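Work through the exercises below with the sequence and the model open side by side. Try each task before you read its solution.

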Amino acid sequence: MPIPVRPKVPVSVSFKSPVPVPEDWQNTYVSIRGANGQGEEIPLTGIQNSAWPTIVLQPGPQGLDLPPFELHADNSPNLDGSMYRGTRASARQVMLPVFVYGIDRKTLKEFKRKLANALNPKAGYCVLTFIEQDGVVRRLQCYYAGGMEGNESTGGAGFTWVSYGLQLTAMDPWFYGDLEVAANWSFGTAQPFLKNPFFPVTLSSGTAATDTISVSNPGDIEAWPVWTFTGPLKSFQLTGPDGSKFGIPEQAGGADALQAGRTLTVDTRPGYKTVLDDKGVNYFPLMNPAPSLWSLPPGVSTVKTSLVSGSGTPTVNVKLTPRYATY
């Protein structure tokens, strides 16, 4: 027969770590703005007056944290399971339950028309804005997909009120902030570098040479930088953290690839992928074979630089917009 054993319970327990005290935190401010973000801002929370009509975000929004992902894999006829190949984030589906009410039937009808015009995807995308108590702003671009068709059944609408479950699709599933981080690098002259903590890049000063720089992406996922070079430059090459590289080799006869006073912008962002100077001339044919306009992963990365300046002081500017997984 087994003998039951009771656990020994100490008479007194002393906690060495202090008991955490929750911080007082106000509700998140949420608003929506149509016409590609240029229309009138319609607050969904934070009602501060008795203006009628009004719209209130109800409990139960969906789709505001991680977006859905597609997993790509290969199957083998002789092995169990699959071989993982890659992942991509899909378009984000968002649902916002809202309640609209007016002081009378007329104000309700006028507001419904205003809301419908703001959501109309033929006028462009909507911008959802989220602002926390600490002032951090996150924005998400969405297209209206459905939910405002109307339901006049009991519990769905009344004479001066109506409820909707707005369905939005974010083709770009990532949130963006209001801060665009940037930094500047001058060759040939020693000068103090920008020290603002919001700037992501720390670059050493000195003459043009082969060197490495540390780049910090404060976002949650990879960001696509925009590089701007100011001549004179005979050649340059930038190598990303994964070994991908792009640049322009030395030209025949030793001429400057980028003349003094001219600027060249290498835009690595998806949907752009351009290499243009300040006059709109396409420099892509001058680049090294099979260039890769690489992105920067989250966190601190090392970028290798190889630049040969002409007779002058060239500069390099980099800027990027961090992207975030949630608001």
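**Exercise 1. Classify Val 226 as buried or exposed, then list what it touches.**

Step 1. Val 226 has a relative accessible area of 8%, so it is buried. The cut-offs are under 20% for buried, over 50% for exposed and partly exposed in between, with a 1.4 Å probe and protein chains only.

Step 2. Val 226 is in strand S14, residues 226-230. Strands (E, at least two residues) and helices (H or I, at least four) are DSSP runs, numbered from the N terminus.

Step 3. List the contacts, meaning heavy atoms within 4.5 Å. Leaving out residues up to four places away in sequence, Val 226 touches Thr 265, Val 266, Asp 267, Arg 269, Asn 317, Val 318 and Lys 319.

Step 4. Check one pair. Val 226 and Arg 269 are 43 residues apart along the chain, and their C-alpha atoms are separated by 7.4 Å.

A note on the source: this is a predicted model, in which local features need pLDDT of at least 70, side-chain atom pairs count only at pLDDT 80 or more, and totals for chains, interfaces and linings use all residues. Residues are numbered from 1 along each chain as its sequence is written, and side-chain values use heavy atoms, with hydrogens and water left out.

**Exercise 2. Find what the side chain of Thr 45 reaches.**

Step 1. Thr 45 sits in the loop between strand S2 (41-43) and strand S3 (54-57). Its relative accessible area is 18%, so Thr 45 is buried.

Step 2. Look for polar contacts. These are pairs of N or O atoms within 3.5 Å; within protein, one must be able to donate a hydrogen and the other to accept it, and residues adjacent in sequence count only if both atoms are side-chain atoms. A polar side-chain atom of Thr 45 lies 2.8 Å from the backbone nitrogen of Val 30. The backbone oxygen of Thr 28 is 3.2 Å from a polar atom of the Thr 45 side chain.

Step 3. Beyond neighbours within four places in sequence, Thr 45 contacts Thr 28, Tyr 29, Val 30 and Leu 57.

**Exercise 3. Describe the aromatic pairs and the charges over rings.**

Step 1. Apply the rule. Rings of Phe, Tyr and Trp (its six-membered ring) pair if their centres lie within 6.5 Å; planes under 30 degrees apart are stacked, over 60 edge-to-face and the rest tilted. The count is ten aromatic pairs.

Step 2. Take Phe 69 and Trp 174. Their ring centres are 6.3 Å apart and their planes are at 55°, so this pair is tilted. Phe 69 lies in strand S4 (residues 69-75), and Trp 174 in the loop between strand S9 (161-170) and strand S10 (175-176), so the pair ties together parts 105 residues apart in sequence. Trp 174 is buried at 10%, while Phe 69 is partly exposed at 41%.

Step 3. Take Phe 99 and Tyr 101. With centres 5.8 Å apart and planes at 35°, they too make a tilted pair. Ring pairs link Phe 99, Tyr 101 and Trp 161 into a cluster.

Step 4. Now look for charges. A charge sits over a ring if NZ of Lys or CZ of Arg is within 6 Å of the ring centre and within 35 degrees of the ring normal. Arg 105 sits over Phe 159, 5.4 Å from the ring centre. Arg 269 lies over the face of Tyr 272 at 3.8 Å.

**Exercise 4. Which backbone sites have a cis peptide bond or a positive phi?**

Step 1. Recall the background. Most residues other than glycine have a negative phi, and most peptide bonds are trans.

Step 2. Find the cis bond. It joins Gly 231 and Pro 232, with omega about 15°. Pro 232 is in the loop between S14 and strand S15 (233-239).

Step 3. Find the positive phi values. Lys 273 has phi near 50° and lies in the loop between strand S17 (263-267) and strand S18 (274-277). Ala 290 has phi of about 50° and lies in the loop between S18 and strand S19 (299-309).

Step 4. Compare accessibility. Lys 273 is partly exposed at 32%; Ala 290 is exposed at 74%.
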